[in-house]
Amino acid sequence: MAGEKMLKFTTVSRDMPEKRPPDLRNKDFGEIYAEYATAKAAEQASRCSQCGVPYCQSHCPLHNNIPDWLRLTAEGRLQEAYEVSQATNTFPEICGRICPQDRLCEGNCVIEQSGHGTVTIGSVEKYITDTAFEEGWVKPIRPHAERSESVGIIGAGPGGLAAADMLRRQGVQVTVYDRYDRGGGLLTYGIPGFKLEKDVVMKRMAQLEDGGVEFRLNCNVGEDITFDAIRGKHDAVLIATGVYKTRELDNPGSEADGIVRAIDYLTASNKVSFGDTVPEFDSGELNASGKKVVVIGGGDTAMDCVRTAIRQGATSVKCLYRRDKQNMPGSQREVQNAEEEGVEFVWLSAPKMFVDDATQMNVDTPAPISGPLRGVVVDKMRLGQPDATGRQSPELIAGAHYVEEADLVVKALGFEPEDLPALWGVEGLEVTRWGTVKADFTTGKTSLDGVFAAGDIVRGASLVVWAIRDGRDCATAILDYLSQSDAVAAE
Ligand SMILES: Cc1cc2nc3c(=O)[nH]c(=O)nc-3n(C[C@H](O)[C@H](O)[C@H](O)COP(=O)(O)OP(=O)(O)OC[C@H]3O[C@@H](n4cnc5c(N)ncnc54)[C@H](O)[C@@H]3O)c2cc1C
Ligand code: SF4
C-alpha cells in the first residue's frame with residue numbers, strides 16, 4: 001500500500017524545469033507544481049546519507065527528526081514516518097510547502113554542501129502528511145480527560161494555532177480570538193494560494209474546531225472585547241497577534257491612488273480565491289489585471305506580490321530593490337521562481353517620487369499628483385561601505401534617475417508591530433524598543449502574570465516554522481503555569 005502511494009508522488013521539486021508554463025492565470029497549486037519535475041518521495045528519501053551529523057535537523061527550528069523520517073520513507077514505512085514527523089511539528093504539511101528550506105534544513109544538508117543537490121526534505125515532509133490525511137492516519141484531537149482550566153489565545157495564526165492544538169490535546173479549554181473572518185492568520189490571508197493551498201489550512205482549522213477549540217472570529221481585541229476582559233475570563237492568555245503595521249514610503253506623490261499596501265493587495269487576492277466578493281478587487285484598485293505593476297521591496301512579501309500580479313494578468317511586473325540580488329533579504333529560490341514567471345528585477349533602484357501625466361515631465365520638481373498614477377521616478381543606487389550589520393549600504397548615484405511606468409504600485413517594505421499596550425489600553429505589558437512584546441525566549445512569559453506571547457509579535461516579522469515552535473514552547477510553559485497555579489490553589 002505504502003509502496004503504491006510513493007509511486008504517485010508529485011510535488012515541488014528543487015529540480016527546476018527549464019521553462020514554466022507561460023500563462024499561470026487561474027491555475028491552482030497542484031497544476032503549477034505538477035509541472036515541475038516529478039520527485040519520488042522514496043527516491044529522494046533514499047538519497048539521505050544518514051550522515052550522523054544531521055545539520056538539517058539542527059537547522060530546522062523544530063529540530064525535526066529528519067534523518068529518521070527520511071529513512072522510514074525510503075523503506076516504505078510511511079505511517080511510521082508520519083508518526084515521527086508529527087511528533088515535533090504541528091503542521092508538517094504546511095512547513096513542507098512554505099518553509100524557506102534553502103535557508104534552513106535543505107541548505108544545510110551535507111549532500112547539498114558536497115555539491116550534489118539537496119535531498120528535497122520539504123517535499124518529502126509535505127508528502128508524508130498529505131498521505132497521512134488521505135489514509136486517515138491523522139487522528140482527531142480527543143483529550144484523555146477534560147481539564148477545568150481555560151486559556152484565551154489572541155490570534156489564529158500558526159503561533160496561536162500550534163499552541164491551541166497542544167493545549168487542547170491536554171484537555172485544556174481553549175478559546176481563540178481573531179479579528180479576521182477566517183482563522184490561519186497569514187497562512188490564510190498573506191501567503192498566496194499558489195504556494196499554500198487554502199484548503200490545507202482550512203483542514204487544520206476544521207480539525208481544531210472538531211477537537212473542541214472554540215473560535216471567536218471577527219473579534220478585534222481592543223475594539224470588540226478588551227484585553228482585560230479576556231484576561232478575566234481565562235486562567236492564562238497567549239498573545240499571538242503577528243505584526244501588521246506596514247512600513248510606509250514618504251516620497252512625494254506616495255499618497256496617490258494606485259499605490260497600495262502589500263497586505264491589502266494579498267488579502268484581497270486571497271479573499272477572491274475563497275469566492276468572497278471584494279469591492280476593491282472588482283473596482284480594479286487591488287487588481288493587477290491589464291496593468292503595469294511595480295512592486296517595491298526585496299523580501300518574500302514582495303516576491304508573493306510580483307507572482308500574484310503575474311497570475312492576475314498584469315501586462316508587466318517589475319520589482320524595485322535598492323540593493324543587488326546577492327544582498328536581498330528574500331529567498332533566492334523565490335527570486336528564481338519569479339524570474340522564470342516573467343518578473344523583471346530592477347536592482348539597485350529606489351523610488352524617488354511618484355508621477356502622473358502632468359508631473360512626469362518635470363521629475364526634478366516634485367509636485368502633488370492629481371491625475372491617475374503613471375509611474376515611479378527611480379533613483380539609481382550603488383553599494384557602499386558595510387553598515388553595523390555587515391551589509392553594504394545603498395548609496396544614491398546623484399542625478400541618475402528615470403521614470404518607470406506604472407499604473408499600480410505595491411509597497412512591500414516589511415511590517416512592524418502595532419503598539420499593543422496603547423491599542424489595548426493595557427498597563428504593565430512591556431515591549432522592546434522595536435515594539436515587539438518582551439517575552440522570555442524559551443517560555444514566552446511576558447511581564448504580566450499568566451500572559452504569554454508567541455510568533456511574530458515577539459520576534460518581529462519571521463517565519464511560520466518559528467511561530468509554530470514558539471506556539472508549542474508556550475503551550476508547554478502554559479501547562480506548567482496552570483499546574484503550578486492549581487497546586488497553589490490546593491494548598
Ligand atoms: C505575504 C507574506 C508571505 C509570507 N510567506 C512566508 C513563507 O512563504 N514562509 C514562511 O515561513 N513565512 C512566511 N511569511 C511569514 C509568516 O507568515 C509569519 O512569520 C507567520 O504567519 C507568523 O505567525 P503568527 O502566528 O505570529 O502571526 P500571524 O500569522 O500574523 O497571525 C496573527 C493573527 O492575529 C490576529 N490579530 C492581530 N491583532 C489582533 C487583534 N487585536 N484582535 C484579534 N486578532 C488579532 C490576526 O488577524 C492574525 O490572524 C510570510 C509573511 C507575509 C506577510
Ligand atoms: S519544518 Fe521547515 S526547516 Fe524543518 S524540516 Fe520541515 S521544511 Fe525543513
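This is a short chat about a predicted model of a protein chain with ligands.

Colleague: What is the mean pLDDT of the protein chain?

Modeller: The mean is 89. Of the chain's residues, 90% reach 70 or more.

Colleague: And where does pLDDT stay under 50?

Modeller: One such stretch is residues 1–22. The model has 54 contacts for that stretch beyond four places in sequence. Residues 31–39 also have pLDDT below 50. That stretch has 28 contacts in the model beyond near neighbours in sequence.

Colleague: On to the ligands. How many residues surround ligand 1?

Modeller: There are 33. The closest are Ile98, Asp178, Val221, Tyr244 and Asp456.

Colleague: Which backbone atom lies 2.9 Å from a nitrogen atom of ligand 1?

Modeller: A backbone N or O atom of Val221 does.

Colleague: What about the oxygen atoms of ligand 1?

Modeller: A polar backbone atom of Gly159 is 2.9 Å from an oxygen atom of ligand 1. Ser462 has a backbone N or O atom 3.1 Å from an oxygen atom of this ligand.

Colleague: How much of the accessible area of ligand 1 does the protein cover?

Modeller: The protein covers 97% of it. On its own, ligand 1 has 1,000 Å².

Colleague: Switching to ligand 2. Which cavity is the space it takes?

Modeller: The space taken by ligand 2 is the second largest cavity.

Colleague: Which residues surround ligand 2?

Modeller: Among them are Cys60, Cys95, Cys99 and Cys105. Asn64, Asn89, Gln101 and Glu125 also belong to the surroundings.

Colleague: How do the residues of that shell divide?

Modeller: Around ligand 2, eight are nonpolar, three are polar and one is charged.

Definitions and conventions
Residues are numbered from 1 along each chain as its sequence is written. Chains are lettered from A and ligands numbered from 1 in the order in which they are written. This is a predicted model: local features need pLDDT of at least 70, side-chain atom pairs count only at pLDDT 80 or more; totals for chains, interfaces and linings use all residues. Side-chain values use heavy atoms; hydrogens and water are left out. pLDDT is the predictor's confidence in each residue, from 0 to 100. Contact means heavy atoms within 4.5 Å. A residue is near a molecule or strand if one of its heavy atoms lies within 4 Å of it. On a 1 Å grid over the protein atoms alone, a cavity is a set of points where a 1.4 Å probe fits but cannot get out, and a pocket is an open set with protein on both sides within 12 Å along at least five of seven lines; lining residues have an atom within 4 Å of a point. A molecule sits in a cavity or pocket if more than half of its atoms lie within 2 Å of its grid points. Ala, Val, Leu, Ile, Met, Phe, Trp, Tyr, Cys and Pro count as nonpolar, Asp, Glu, Lys and Arg as charged, and the others, Gly among them, as polar. A polar contact is a pair of N or O atoms within 3.5 Å; within protein, one must be able to donate a hydrogen and the other to accept it, and residues adjacent in sequence count only if both atoms are side-chain atoms. Accessible areas come from the Shrake-Rupley method with a 1.4 Å probe; for residues, only the protein chains shown count as cover.
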